[in-house]
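The stops below are given in the order in which to select them.

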Amino acid sequence: MTTMVSRVVTGLLSRQCARPCSLTGLDANLRHSHWFPSVMALKTSPPLRAEPMKKKKVDPKREQLRRERLKKKLKKLERVPPELIPIEDFMPSAKYLDETRIRSLPQLPEEENERRALLLKEWSRYKQAQHKAEMNAIEQALEAQREALKELRLESEELYRAAIRPDPTLLPFQHQGPSYTPAKDNYQAPEGKYTDITKVYTQ
Amino acid sequence: VELEKSLLSDHELRLLEDADRISRQQSGDYDSDEEDTADQEIITAKDMEDAWEQKLQKYHTAPRLLESVDMDFSSVDRCLGDNLILLAKQQVGSEELWLLPQLQWEAGETLRQTAERALDTVPGADFKARFLGNTPCGVYKYKFPKAIRTESSVGAKVFFFKALLSSHNPSQTQKGAFMWVKKSELQNYLKPEYLKQVNRFVISI
C-alpha cells in the first residue's frame, strides 16, 4: 500500500515541476524539492517515511565475508615487528652537551708528562710479572693434581674412579672474597631511602 | 687523568655558581632585586663539602693488621691479607710433627670422606669446610724407615684435598693443637720434602 502511495506522490511531483513558474518564486521551489512530496499529501518528514530494510538472501554470508576480510586486514597490521627498545647508554643526554660543563684544563709541564709515561711503563711491567707468577702457580697446582691422580690410579682403580666422579654440589659455586678492611663489630650502615626511576620499556 | 678528561659535574657547577654569587654580593653595586633566585639557598655547596669531609674524618675503618691477633697462631683472623693453611700436630711413628691434618684411610670409603673425617678429628675448634671437588690436589709419598717396613707396606702415600673454610667454632680448651700459617711461614714447621710437595698446590699471591 505504502509503496504505491510513494510512487503516486513522486509522479505528482514530476508533473508539478513541468508547469511553468507561474507560482510565486522560492516557495514553489522549496515545495518542489524532494523533502516535501506534495502540498496535498500529509506533512511527513523523511524519517517518518523511512521503511524498514529489506532482507536480502545472501546477507549473513556477505556479512561474514566482510568480517573475515576486516580480520585479515587487522592481522596484517598487527604483524608489525616489535619496536626496538632504546638503549639509554648509547644516546648521550642533552645535559652533557652543555657548553658550561667543559673543564678548563691547565697545561701540564713536560716533566709531568714524562713522569706519567714512565709510571705507565712501570705499571705494565709489574702487571706482567704478576700475571706470569699467577700462571706459573696455576700450572704447578695442575701438575701436582695430575701426579696425585696418577699415584692414586696405581694404588687402586676403585678410588681413582670415585675421585674422578664430578661433584654435583660444587656448582654453582659462590664464595665471598676478602675485603680491603675487615668488618667492624656493631657497625650500623647509614640507611638510605631511594626511589627507582629507571624507565622500563615493554615490547 | 680521568678527572681531566671528564666534564664538570652538577656539584662542581653548583660550587662555581655559589662562588660567582658571593663575588657579586661582595662587589659594590649589588642589587638584591636583580637576583632571580626565589629560593635563596642558605647552605652553599661549599658548606656541604666541608660537612662531608668532617664526616669522613670521623669514620674510622677497622684496622687491617692487628699485631696482637697476628701473633696468635691459632686464631682464624690473623694476617687477613694472606691465605692461611691449617696445620695440626700429628703423631707419626714415634715423633710428633706439624702436618696438615691427616688420617689413615679405611677400606670402604672414598678419599674425600677420609679427608672430612680428618678435619673433624682435629682437636679444638670444629671446622666446617667446603671441599672443592672429589679429586686430590697433591700427593706425597714416603718410605717408612727400615725398622717398620713389612712385606706389604713399604711406604705410604698422603693425598691432599683442598677445602675452603666455611665456619669455625673456637672452643678454648685446646689451643696448642693446631695453627694457621701463611705460605711463607710453612717452611718453619714442615719437613723439607713434605714442604716441597705442599708448596706446589698451595697458591698465595
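Across all chains, a search of the whole structure finds three aromatic pairs; rings of Phe, Tyr and Trp (its six-membered ring) count as a pair if their centres lie within 6.5 Å, and planes under 30 degrees apart are called stacked, over 60 edge-to-face and the rest tilted. Select B:Tyr140 and B:Tyr142 to see a stacked pair, with 5.5 Å centre to centre and 25° between the planes. B:Tyr140 is buried at 13% relative accessible area, while B:Tyr142 is partly exposed at 26%. Buried here means under 20% relative accessible area, exposed over 50%, and partly exposed in between (1.4 Å probe, protein chains only).

This is a predicted model, in which local features need pLDDT of at least 70 and side-chain atom pairs count only at pLDDT 80 or more, whereas totals for chains, interfaces and linings use all residues. Residues are numbered from 1 along each chain as its sequence is written, chains are lettered from A and ligands numbered from 1 in the order in which they are written, and side-chain values use heavy atoms, with hydrogens and water left out.

Next, select B:Phe160 and B:Phe201, a tilted pair with 5.2 Å centre to centre and 40° between the planes. B:Phe160 belongs to strand S5 (residues 155–160) of chain B and B:Phe201 to helix H7 (residues 192–201) of chain B, so the pair ties together parts that are 41 residues apart in sequence. Helices (H or I, at least four residues) and strands (E, at least two) are DSSP runs, numbered from the N terminus.

Which residues of H7(B) are buried? They are B:Tyr194, B:Leu195, B:Val198, B:Arg200 and B:Phe201. Their cover includes H5 of chain A, together with strand S2 (95–99), strand S4 (138–143), S5 and helix H6 (183–189) of chain B.

Now follow H5 of chain A (residues 110–155) to A:Leu142, which is partly exposed at 38% relative accessibility.

Finally, select the whole of chain B, which has seven helices and seven strands. Buried residues make up 29% of its 205 residues.

Methods
Contact means heavy atoms within 4.5 Å.
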